[in-house]
Amino acid sequence: MLMWKRNLWVLWIGVFFTSASFSMVIPFLPIFLLQLGVHDHTEMWSGVLFSAAFFAGAFASPFWGRVADKYGRKPMIIRAGIALFVIYTLMAFVTNPYQILALRILQGLLSGFIPGAIALIGTNTPNEKVGYALSMISSASASGGILGPLLGGGIAHLVGNRLAFASGGVFVFLATLLIIFWVKEENFKPNKERGGSVRNDFKTAMMNRPLLLVLILTVVTSCSIMTIEPVLPLYVVKLGGSSDNASLIAGIVFSLPGIASALFAPYWGKWADKVGFQRVLFLGLMGGGIGMLAQVLVSQIWGFSIIRFMFGVFFCAVYPALNGLVVKSTPDEFRGRAFGLNQTANQIGGMTGPMIGGFVGGILPVQSVFLVTGILLLTAMGMVYWNAGVLNGSLKRKIIARKSG
């Protein structure tokens, strides 16, 4: 088997386990808050906890991206995996929301397993297979997102959320072991630039118009999709009409977009290799925006679940397309830093989104959060449409132009 294929499948399994561990912990934080006795301003607390990791990660990601370009992407994946194992395990022992907040900040500062895997795949995969490979990683993340809520909800239903959180730590530890022993990073050329800084990396990104546009789109997309996260579990409980099985019902509904992604993401990736990432990104944002708005129209749990699945069919195309555009718009020696900056953009959107969702959900009906999310996704779709020429511009054209000059 070719090395890039072996890396892809090992990273697929690693990302699968890591995503499962994440979704065994994070989606159930609002319900866990209630169990800790936080009954006042629950939506607000939920928004703060969701945002804390993204806030910290926004500062840390460019630094880890620079370290990855210097020492390799594989060491960064291992470092992040060990950190997540410790944090998820400690989550099982918290007694108040302030301790959760501290762990979420540490998670933002030290994590980066899946972004590291994406960067390694983007650098060690043949150009004509990048779309397929990135979509496979997205499929792994989605598949883990299916298993995680089901396992987390089932374990929480049987023995409580604390053991579910500890189980998530075991999952990410297994993923880290796979990376240590089975992934080999090829084509790595250490960045020997002296006197560089994160500030210079931002300047480089500002001068790269396609990359800059991707970073802006990542902020908008991440912000939009994360607005719904703090209130979705509570909304599912209301639709289900029962709080006795809240974790189990929420776990099933959370899994539906992941099921759709696992089924359809590889097809989006193969199509992106043929028609381009820009077109796939446009369609994914359009379908995701319409699907989010449609969720306002139903008041029964089954109808809501069907629309969530259809939303996942389209939205699973978005992040692989954005990651593919990062690969296409940057040289290999800047790739780690580019994904670090992209992760910062993702963290900024992820930080502001839950705050907006928690605030809007706290003062207005929860359906208004779905409206805000849908409008933001359609706004991002419009940005892709009006900047199609920029996104279709390739790095190769720039290099040829410089050489001819």
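**Reading burial, patches and salt bridges**

Guide: Start with one residue. At 37% relative accessibility, K5 counts as partly exposed. Keep in mind that this is a predicted model.

Visitor: Why does K5 count as partly exposed?

Guide: Look at the cut-offs. Buried means under 20%, exposed means over 50%, and partly exposed lies in between. K5 has 37%, so it counts as partly exposed.

Visitor: Where is K5 found?

Guide: K5 is found in helix 1, which covers residues 3–25.

Visitor: Which residues gather with K5 in a patch of positive charge?

Guide: K129, K270 and K274 do. Together with K5 they make up a patch of positive charge on the surface.

Visitor: Now a nonpolar patch. Which residues make the nonpolar surface patch?

Guide: V170, F173, L174, L177, I180, F181 and W182 make it. The patch has an area of about 650 Å². Take I180 as an example. I180 lies in helix 8, residues 161–182. Its relative accessibility is 33%, so I180 counts as partly exposed.

Visitor: Let me try another residue. Is L90 buried or partly exposed?

Guide: L90 is partly exposed, with a relative accessible area of 42%. L90 lies in helix 4, residues 73–91.

Visitor: How far apart are L90 and S139 in sequence and in space?

Guide: Read the two separations side by side. In sequence, L90 and S139 are 49 residues apart. In space, they are 28 Å apart, C-alpha to C-alpha.

Visitor: What about a residue in a loop? Where does T330 lie?

Guide: T330 lies in the loop between helix 15 (318–328) and helix 16 (335–363). Now check the accessibility. T330 has 2%, so it counts as buried.

Visitor: Which backbone oxygen lies 2.7 Å from a polar atom of the side chain of T330?

Guide: The backbone oxygen of V326 does.

Visitor: On to salt bridges. What is the general idea?

Guide: Side chains of opposite charge can pair when their charged atoms come close. This structure holds five salt bridges.

Visitor: Which side chain meets that of D201 at 2.7 Å, N to O?

Guide: The side chain of R66 does, in a salt bridge. D201 lies in helix 9 (residues 198–207) and R66 in helix 3 (residues 42–71), so the pair ties together parts that are 135 residues apart in sequence. Both ends can be checked for burial. D201 has a relative accessible area of 3%, so D201 is buried. R66 is buried too, with 15%.

Visitor: Which residue forms a salt bridge with D69?

Guide: R337 does, with the closest N and O atoms 2.8 Å apart. This pair links distant parts of the chain: R337 is in helix 16, D69 is in helix 3, and 268 residues separate them. R337 counts as buried at 5% relative accessibility. D69 counts as buried at 1%.

Visitor: D201 and R337 have each come up. At what N to O distance do their side chains meet in a salt bridge?

Guide: At 3.6 Å. D201 lies in helix 9 and R337 in helix 16, so this pair ties together parts that are 136 residues apart in sequence. Both D201 and R337 are buried.

Visitor: Which residues do salt bridges that share partners join into one network?

Guide: R66, D69, R73, E185, D201 and R337. Trace them on your screen.

How values were computed:
Residues numbered from 1 in each chain as written. Predicted model: local features only at pLDDT ≥ 70, side-chain atom pairs only at ≥ 80, totals over all residues. Heavy atoms only, no water. Helix = DSSP H or I, 4+ residues; strand = E, 2+ residues; numbered from the N terminus. Buried < 20%, exposed > 50% of the residue type's maximum accessible area, 1.4 Å probe, protein only. Polar contact = N/O pair within 3.5 Å; in protein donor to acceptor, adjacent residues only side chain to side chain. Patch = residues over 30% accessible without salt bridge, like charges linked within 9 Å, V, L, I, M, F, W, Y side chains within 5 Å. Areas by Shrake-Rupley, 256 points an atom, 1.4 Å probe, with all protein chains shown as cover. Salt bridge = Lys/Arg side-chain N within 4 Å of Asp/Glu carboxyl O. Lys, Arg positive; Asp, Glu negative; His and termini not counted. Charge placed at Lys NZ, Arg CZ, Asp CG, Glu CD.
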